[in-house]
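The sequence and the coordinates are shown first, and the discussion follows.

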Amino acid sequence: MTSWMHDSFPGHEVNLVLARGLSLDALITGLRGQHREPLAHGEAGGWAWAVHDMFEEETGNYDPVDYRSVCPEGAEVIVFETEPCSAKAHGPKFTYLRSGRTTLHFSFEDIGQRLGDNPDHISAELLAANLIGPGAECDKWKTEDGHDCFDHEHDADERLVKALADCFALPSPPLSLEVTAK
């Protein structure tokens, strides 16, 4: 996903889950109920957070996690799927749940295709960060010979994570195994 998360758990494809209005113990219990043992967890800036493997290879559990069951009435849960399919090179995904309902979900590969109960929940912030709307797409390839837009795709991901972090007042990275594991 981003440099602060992508290589923090070598040998693991992980999801980062943040919860507000839910205790750290309740978050961990909810994840364990979904057969996802946190690799690291903590609290920061009013958010409980945990990092867990996307899949449980040892038990053969390759089903996606149902985060709705982890998000009770009055709580908010944010999920970053950092490598939804690294073998096929799919980009990260973002999900925002409120009171057990998916408010917003999108892939980093196409933030213009947002889903959920309120797909425009953070449209103003994405527009302000020049991530959607006019001018969001690189058009230098039209005027500069040899320009490859892929060369700066990582910059857009970093701006997207920053916009999300600012919008939801998420704790600042790093959230790494070396710093946070218990």
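Which residues of α2 are buried? The model is predicted, and within it the buried residues of α2 are L24, L27, I28, G30 and L31.

## Overall architecture

The secondary structure of the chain comprises 5 helices and 6 strands. Read from the N terminus, the elements follow the order α-β-α-β-β-β-β-β-α-α-α.

Of the 182 residues in the chain, 43% are buried. When contacts between residues at least 6 apart in sequence are considered, 57% of them join residues at least 24 apart.

An α-helix has 3.6 residues a turn, so residues three or four places apart point the same way. The exposed residues D25, T29 and G33 are carried on the face of α2 turned away from its buried side. On the buried side, the packing partners of the α2 residues are β1 (14-20), β2 and β3 (47-53).

Not counting residues up to four places away in sequence, L31 touches V17, R36, P38, A50, H52, Y67 and V70. The C-alpha atoms of L31 and V17 are separated by 9.3 Å, and the two residues are 14 apart along the chain.

## The segment after α2

Just after α2, H35 adopts a positive phi of about 65°. Q34 belongs to the loop between α2 (24-33) and β2 (38-44).

Is Q34 buried or exposed? Its relative accessibility is 19%, and because buried means under 20%, Q34 counts as buried. The Q34 side chain reaches the backbone nitrogen of D66 at 3.1 Å. Leaving aside neighbours within four places in sequence, the residues in contact with Q34 are N61, V65, D66, S69 and V70.

Strand β4 (residues 76-81) is largely enclosed by the rest of the structure, because 6 of its 6 residues are buried. In a regular strand the side chains alternate between the two faces of the sheet. Both faces of β4 are covered: one side holds E76, I78 and F80, the other V77, V79 and E81, and all are buried.

Which strands pair with β4? β1 runs antiparallel to β4 and is joined to it by 6 bridges; in that pairing, N15 has E81 of β4 as its bridge partner. β5 also pairs with β4 in the antiparallel sense, over 6 bridges, and here E76 is partnered by R98 in β5.

## Aromatic pairs

How many aromatic pairs does the structure hold? There are 5 aromatic pairs. One of them joins F94 and F168 in a tilted arrangement, with 6.0 Å centre to centre and 35° between the planes. This pair links distant parts of the chain, since F94 is in strand β5 (residues 93-98) and F168 in helix α4 (residues 153-168), 74 residues apart. F94 and F168 are both buried.

A tilted pair is also formed by Y96 and F168, at 4.6 Å centre to centre and 45° between the planes. Because Y96 lies in strand β5 and F168 in helix α4, the pair ties together parts that are 72 residues apart in sequence. Y96 has a relative accessible area of 1% and is buried; F168, at 3% relative accessibility, likewise counts as buried. Ring pairs link F80, F94, Y96, F106, F108 and F168 into a cluster. F80, a member of this cluster, is one of the buried residues of β4.

## Cysteines

A disulfide is a covalent bond between the sulfur atoms of two cysteines. A search of the whole structure finds 0 disulfides. C71 is buried, at a relative accessible area of 3%, whereas C167 is partly exposed, at 27%.

Methods: Residues are numbered from 1 along each chain as its sequence is written. This is a predicted model: local features need pLDDT of at least 70, side-chain atom pairs count only at pLDDT 80 or more; totals for chains, interfaces and linings use all residues. Side-chain values use heavy atoms; hydrogens and water are left out. Helices (H or I, at least four residues) and strands (E, at least two) are DSSP runs, numbered from the N terminus. Buried means under 20% relative accessible area, exposed over 50%, partly exposed in between (1.4 Å probe, protein chains only). A polar contact is a pair of N or O atoms within 3.5 Å; within protein, one must be able to donate a hydrogen and the other to accept it, and residues adjacent in sequence count only if both atoms are side-chain atoms. Contact means heavy atoms within 4.5 Å. A disulfide is a pair of cysteine sulfur atoms within 2.5 Å. Rings of Phe, Tyr and Trp (its six-membered ring) pair if their centres lie within 6.5 Å; planes under 30 degrees apart count as stacked, over 60 as edge-to-face and the rest as tilted. Two strands pair if DSSP finds at least two bridges between them.
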